[in-house]
Amino acid sequence: MTRRLPRAFFRTERIAVLFDSVAPEEICFTGGGTESDNWALCGAIRLTGKRRIITTRIEHHAVLHTCEYLERQGIEVVRLDVDRDGILSPEAVERAISPDTALVSVMAANNEIGTIQPIREIGTLCRKHGVLFHTDAVQAYGHIPLDVEEMQIDLLSASAHKLHGPKGVGLLYIRRCVDLPPLLFGGGQEDGKRSGTLNTAGIVGFGAAAAQAREHLEENMQSIAALRDEMIRRVLAEIPGTSLTGDPVRRLPGNIHLRFENVKGRELLHLLDRCGICASTGSACSAESMEPSHVLSALGLSRLEADSSLRLTLSEETTREELSRTLDALKQAVDALSWL
Ligand code: PLP
């Protein structure tokens, strides 16, 4: 006989993953960021009965492909443009809001170029117009401060593996007054909000990773951003023909996204790999794709510029010595490839 675990069983983990000003009942564990995004978007349409979703061109495919699915069901999807640095204007959001808008979904930080969106301003506008606001915070959660109350967020997606937690577990924060219908039906776990046997080991790991991230958030943000800025400064100064993609200031502490004139990112990646350095050409989530990244295209970059991109990701474990070694390897690789 199986016995359902009381919801309080995961209370410690719920408290560990809490953002400032959140109650444990407002957290539902999911199978990851993708499920949380799907749930937020499909749930908002079912809850409100409205027919329009507003989002951006640079969202993760977990949001964009859900929007395509909803479009096939007759929902209108407005995909807003961002500027050349990847920033969305809150005024554009306000202009797009109509009485038939079910949800505004804007990612807190982009997974490729690290750009941080003006979430507080967008949240305030949505609340003013009585429209639900969802943010995909998979890249931001545990890396930058997020206060759902102050930012007026109704729904927020996060994923454990982006903060050194286990893969296959995430969460959806659902503001108490939002009666989001379930995406999954079955055994009635999570107070009937999300059926399916809970991933005990994953949730405990998520709780531990989140507690660590919360405890060291400020110091990690400062030290990682300092290393990032030093690395960017040195690359731009020491390797001719390089440029930075994305906003120089409003970006995740650990994100460096560079373009190298006349050098293919894919070839750079191979040479770095031979030196034991892991990088990414575009988004790590769709690295096998040969198409230019939809994020870089949305910034107005040409195919050539998109192809010349390389992303480096830093964490609290990254050292100055590793970055110096990476810079040397990059210089040699760029030299070798420019010569070909
Ligand atoms: N949203 C963003 C911004 C992401 O970067 C990712 C994954 O990298 C996801 C959603 C999907 O999350 P998960 O891999 O936990 O399903």
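The legends below describe close-up views of a predicted model. Residues are numbered from 1 along each chain as its sequence is written, and side-chain values use heavy atoms, with hydrogens and water left out. Because the model is predicted, local features need pLDDT of at least 70 and side-chain atom pairs count only at pLDDT 80 or more, while totals for chains, interfaces and linings use all residues.

**View 1**

A pair of aromatic rings is described by the distance of the centres and the angle of the planes. Rings of Phe, Tyr and Trp (its six-membered ring) pair if their centres lie within 6.5 Å; planes under 30 degrees apart count as stacked, over 60 as edge-to-face and the rest as tilted. By this rule the count comes to four aromatic pairs. One of them joins F19 and Y141 edge-to-face, at 5.1 Å centre to centre and with 70° between the planes. This pair links distant parts of the chain, 122 residues apart: F19 is in the loop between α1 (11-17) and β1 (27-30), and Y141 is in the loop between β5 (132-136) and β6 (155-159). These element names follow DSSP runs numbered from the N terminus, with helices (H or I) of at least four residues and strands (E) of at least two. F19 has a relative accessible area of 4% and is therefore buried; the terms are buried under 20%, exposed over 50% and partly exposed in between, found with a 1.4 Å probe on protein chains only. Y141 also counts as buried, because its relative accessibility is 5%. The rings of Y141 and F206 have centres 6.2 Å apart and planes at 90°, so this pair is edge-to-face. It too links distant parts of the chain, since F206 lies in helix α6, 65 residues from Y141 in the loop between β5 and β6. F206, like Y141, is buried. Ring pairs link F19, F29, Y141, Y173 and F206 into a cluster.

**View 2. The largest pocket.**
A 1 Å grid over the protein atoms alone defines a pocket as an open set of points with protein on both sides within 12 Å along at least five of seven lines, and a cavity as a set where a 1.4 Å probe fits but cannot get out; lining residues have an atom within 4 Å of a point. The largest pocket holds about 950 Å³ of space, a volume being the space filled by probe spheres set on the points, which are joined across faces, edges and corners. Its lining consists of 33 residues, and G254, L312, T313, L314 and S315 lie nearest its centre. Both β10 (309-313) and α10 supply at least two lining residues, and the largest share, four residues, comes from α10. The lining divides into twelve nonpolar, 15 polar and six charged residues. Here Ala, Val, Leu, Ile, Met, Phe, Trp, Tyr, Cys and Pro count as nonpolar, Asp, Glu, Lys and Arg as charged, and the others, Gly among them, as polar.

**View 3. The largest cavity.**
The count comes to one cavity of 30 Å³ or more. The largest cavity has a volume of about 70 Å³. Its lining is formed by L227, E230, M231, R234, R320, L323, S324 and L327. Helices α6 (200-238) and α10 (320-339) each supply at least two of the lining residues. By class, the lining has four nonpolar, one polar and three charged residues.

**View 4. Two residues with positive phi.**
Q152 is not a glycine, yet it has a positive phi of about 55°. This residue is placed in the loop between β5 and β6, and Q152 counts as partly exposed because its relative accessibility is 22%. E190, likewise not a glycine, has a positive phi of about 50°. E190 lies in the loop between β7 (170-174) and α6, and its relative accessible area of 5% means that E190 is buried.
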